[in-house]
Amino acid sequence: MKDFDRLINECLKEVEEAGITPGIISKWSVNHRAKKRWGSCKRKPGEGYEIEISSVLLFDDRVSEKACKETIIHEILHTVQGGNGHTGRWKMFAEQINAKYGYNIKRVTSGSEKG
């Protein structure tokens with residue numbers, strides 16, 4: 001099992017070190033039911049954003065920490081102003097993070113890519 005809190009903190013630090021300011025994230029949680037999606041980000045008006053990460057990423061030893069961090073950062077980028085969807089600013093920031101850290105953050109990732 002990966003240390004979720006440590007990964008969150010590392011990802012937030014990397015995003016900020018890349019010069020990107022995330023929105024307010026009011027809640028992080030592990031989704032034990034999600035089998036077909038790695039994560040989700042929901043905007044809660046007046047509260048910020050809630051991010052869920054699939055337990056498959058955190059508990060499956062075949063999934064690397066790097067693959068898990070790609071998903072966490074993917075969801076963090078949705079909190080950035082103008083980061084809705086997977087085009088425009090979201091895509092620009094994903095490309096920026098990929099270039100800086102060697103990640104492969106994109107719109108959709110297959111199970112085989114995660115390990």
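Mentor: Buried means under 20% relative accessible area, exposed means over 50%, and partly exposed is what lies in between (1.4 Å probe, protein chains only). The model is predicted: local features need pLDDT of at least 70, side-chain atom pairs count only at pLDDT 80 or more, and totals for chains, interfaces and linings use all residues. Residues are numbered from 1 along each chain as its sequence is written, and side-chain values use heavy atoms, with hydrogens and water left out.

Trainee: Is K27 buried, partly exposed or exposed?

Mentor: K27 lies in strand β1, residues 25-31. Strands (DSSP E, at least two residues) and helices (H or I, at least four) are DSSP runs numbered from the N terminus. The relative accessibility of K27 is 41%, so the residue counts as partly exposed.

Trainee: How many disulfides does a search of the whole structure find?

Mentor: A disulfide is taken as a pair of cysteine sulfur atoms within 2.5 Å. The sulfur of C41 has its closest cysteine sulfur in C11, at 14 Å, which is too far for a bond. For C68 the closest cysteine sulfur is also in C11, at 7.4 Å, again too far. The search of the whole structure therefore gives a disulfide count of zero.

Trainee: Is C68 buried or exposed?

Mentor: C41 has 23% relative accessibility and counts as partly exposed. C68 has 0%, so this cysteine counts as buried.

Trainee: How many salt bridges does a search of the whole structure find?

Mentor: A salt bridge needs a side-chain nitrogen of Lys or Arg within 4 Å of a carboxyl oxygen of Asp or Glu. With that cut-off, the number of salt bridges found in the whole structure is seven.

Trainee: How many residues apart are R6 and E65, a pair that links distant parts of the chain?

Mentor: The side chains of R6 and E65 meet in a salt bridge, with N to O at 2.5 Å. R6 sits in helix α1 (residues 4-17) and E65 in helix α3 (residues 65-77), and the separation of this pair in residues is 59.

Trainee: Are R6 and E65 buried, partly exposed or exposed?

Mentor: R6 has a relative accessibility of 30%, and E65 has 33%.

Trainee: By about how much of the helix are E17 and K13 separated?

Mentor: Their side chains meet in a salt bridge at 3.9 Å, N to O. E17 and K13 are four residues apart in helix α1, which means a separation of about one helical turn.

Trainee: Which residues do salt bridges that share partners join into one network?

Mentor: E14 forms a salt bridge with K69, where the closest N and O atoms are 2.9 Å apart. E14 lies in helix α1 and K69 in helix α3, so the pair ties together parts that are 55 residues apart in sequence. E14 is buried at 12% relative accessibility, and K69 is buried at 9%. Through shared partners, salt bridges join into one network R6, E10, E14, E65 and K69.

Trainee: How far apart in space are K36 and V56, C-alpha to C-alpha?

Mentor: K36 is placed in the loop between β1 and β2 (39-44). With a relative accessible area of 85%, K36 is exposed. K36 and V56 are 20 residues apart in sequence, and their C-alpha to C-alpha distance is 9.9 Å.

Trainee: What distance separates the C-alpha atoms of G83 and G23?

Mentor: G83 is in the loop between α3 and α4 (88-101). At 0% relative accessibility, G83 counts as buried. G83 and G23 are 60 residues apart along the chain, and their C-alpha atoms are separated by 9.6 Å.

Trainee: How many residues apart in sequence are K100 and V15?

Mentor: K100 is in helix α4 and counts as partly exposed, at 48% relative accessibility. The C-alpha atoms of K100 and V15 are 9.9 Å apart in space, while the separation in sequence, in residues, is 85.
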